[in-house]
Amino acid sequence: MRREAAARRRPNKIAVLTRREYLSRVKSKGFWVATLVLPAAMAALFVLPTMILARTHAEQRVVLVDETARLGAGVAARLAEPPALGGLEAARVAVEIEPPAADPAAQRAALDARVLAGSIDAWIWIGRERLADDVVEYHAESVSNVITQAVIAEAVEREVAAMRLVDAGFDPERVGELTRPVRLATVRVTPEGGREEAGEAGFFLAYGMFFMLYLVLMIWGQQVLTGVLEEKSSRIVEVIVSTARPFDLMMGKLTGIGLAGLTQLTVWLVCLAALSAPGIAGALAATPEGFTLPVLTLPVALHFLGFFVLGYFLFASLFAAVGAAFNNIQEAQHFTGIPIAFLVAPVLVIFPVINDPDSTLATVVSLIPLFAPVVMPVRVAVKMPPAWEIALAYLLTAAAVVALVWLCARIYRVGILMHGKKPTLAEIVRWVRYA
Amino acid sequence: MTPTLELRELRKAYRDTVAVDGVSLAVPPGTVFGLLGPNGAGKTTTLRMVMDIIAPDSGAVLFAGRARTRADLERIGYLPEERGLYRKMTVVDHLVFLGELNGLPRREGRERAREWLERMELADAAGKKVEELSKGMQQKVQIAGTLLHEPELVILDEPFSGLDPINQGLFKEILAGYKREGRTIVFSTHVLEQAEKLCDSIGLISRGRIVLDGELAAIKREMGGNSFRLVAAGDLGRVAALAGVVQVLPAGDGAARVLLAPDADRAAVLREMVAFLDVREFVGAEPELEEIFVRAVRDAA
């Protein structure tokens, strides 16, 4: 059955290894469980509280006793049309106006009884004397329903203010016009011109991007570590390096896992967009009317992708080297702290960076190679830094990637064939020098 | 005839040891070559240098008469001593992957994997994950993976260690068939009886140096005149002290193998032995590898 090896072509080994790495992950049940459970959990996290809130705040039955006899109707009217809050009708309050009785003490006792009996949720007492001290009473079994209270307080406050202006001699018609609330319209200035955009939205976008990078690098960096350890402990590795270079094996592993990570990220983004769109819209709607969604512009998206790829190779090669140097996850644990520390460190500075993206702190941190992949895209999202800074960040990070991949490949080359004793740091340094 | 594999003065030193110290070998095509030696002699390091897993400090590896390139590695099958498979992959995917690494297109790899699995009575396991197979079945998959791309040269490091007896037999049969097809096999072992049955030629390695190499038959012939089987009652231990006796290897039950120096007087030795032993048998016999090995190591020292 001897066949001639005629049609033999040189295989691209990195591609073969990448394909195996990618498929073996994407084909596993665990991958899809992890990929689908997270959006499901997120959806639950977004949607459930929304639903619960919507249900609990279905309707508050409130009795209003107004000694002034001038405020009740206005307050009731305002409460009948509550402001949108967090995308839901924050607090619907059904107001029943009760005229003050001859015996206030008896009336109060009766209202308390109704609250305890559950036929009403609360009663409000606008007393002439207490109002002079700027106080309105609110009585309820639970007084921690802060949203409802805020809505009621606002309604009463606006009515009282209007009443006082009328008392001071203003025309009731004009009072309504003069006391309209003011909102802060935040406009983002870009070279292409100004664009109205809510401040919160920019923050959420930057922070969301940071968190996504951080999560993906953390999860998939660890996957690289366990993947290398598995190859070592299953002893498959020597079979592979008899035909592929250790460097090919490492690059195939990093690329394959990276692609699996991107696949997962894509599924997450699609699921998140589909499942929690109402939730996000709700959260963003917290800013009043006139609000516009932040736009993920093409340059921002491209920088995000560029730094993501560099950051992934930077950290994944570190994890690969740690995996190659040790025999099992317990031994490796102490050293995984090194890449993780570099990943976690930007968390400490990310809020100041988002708040003031031009500060010296932000500039310096976003140029340091190990921090740049997560910090620079955040700066780009908040406010486009000077081109030379971005270029320098790319250059430094790319240089660090080349240096680290080279270094880690040497550790990898020797380490993957080492079994048994846990190596000392001095031994690892020697591997790098003699590999 | 150009040797399929030739090593020239290969050398590899680590910080405090010289693992391989100037090894030169030539393996003609279509033969089985055994690299023999105790554990730690430098066998694995030598084979790893052949496969470019370890770079030699100096020396050269030649494949079919010219310096071995990375591309040549795809025409060589390698079974390391430390071996294993991806546990989560299915058997057929795994074989196709190993073939692909060596330049075998996927479609062809799938066909050949099926042939091999049938031959090894594993056809039913094709779609199973490696971890679902018994150890013996995994060994069969490993063997198939080494040979799937039909390499011209097969390098096997301690191929029979860890194999169950049935797979040992199966593997030997496959290798015999491989040799009949004109392919070349190089394997290492520290179990000398295995080599004795399989090899055309051998290289004995000790402390990183080749102490003896050549065709097994010729080596045996050369040393045969001086090897004897002795069966006697009495203190066999005293034989070793006689003039002209190089070595006495007790074989149990009053038997021993006696090795004489090339210039020893056989009759004189027998006369002296009779003085203190009740000799029942003293006949010339082919030496066993173990004997040859012990002697070669001693001569080299």
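**View 1. L5(B) finds its bridge partner, F63(B), in strand β4 of chain B.** This is a predicted model, in which local features need pLDDT of at least 70 and side-chain atom pairs count only at pLDDT 80 or more, while totals for chains, interfaces and linings use all residues. Residues are numbered from 1 along each chain as its sequence is written, and chains are lettered from A and ligands numbered from 1 in the order in which they are written. Strands here are DSSP runs of E with at least two residues, helices are runs of H or I with at least four, and both are numbered from the N terminus. Strand β1 (residues 5-13) of chain B and strand β4 (residues 58-63) of chain B run antiparallel, joined by 5 bridges. Two strands pair if DSSP finds at least two bridges between them.

**View 2. A hairpin of 4 residues links β1(B) to β2(B).** Strand β2 covers residues 18-27 of chain B and runs antiparallel to β1(B), with 7 bridges joining the two. To find one of these pairs for yourself, look for L10(B), whose bridge partner in β2(B) is V23(B).

**View 3. Helix α4 of chain B spans residues 135-147.** From first C-alpha to last, this helix of 13 residues reaches 19 Å, close to the 18 Å expected at 1.5 Å a residue. That expected span is 1.5 Å times one less than the number of residues. Which residues of α4(B) are buried? Among them are Q138(B), V141(B), I143(B) and T146(B). Buried means that 20 or more other C-beta atoms, placed from the backbone, lie within 10 Å of the residue's own. The cover over these buried residues includes helices α2 (91-101), α3 (106-119) and α5 (165-180) of chain B, along with strands β6 (76-79) and β7 (153-157).

**View 4. Chain A touches chain B through 23 residues on each side.** On the chain A side, α1 (13-26) and α9 (237-241) each supply at least two residues.

How values were computed:
Contact = placed C-beta atoms within 7 Å. Buried ≥ 20, exposed ≤ 12 C-beta atoms within 10 Å, placed from the backbone.
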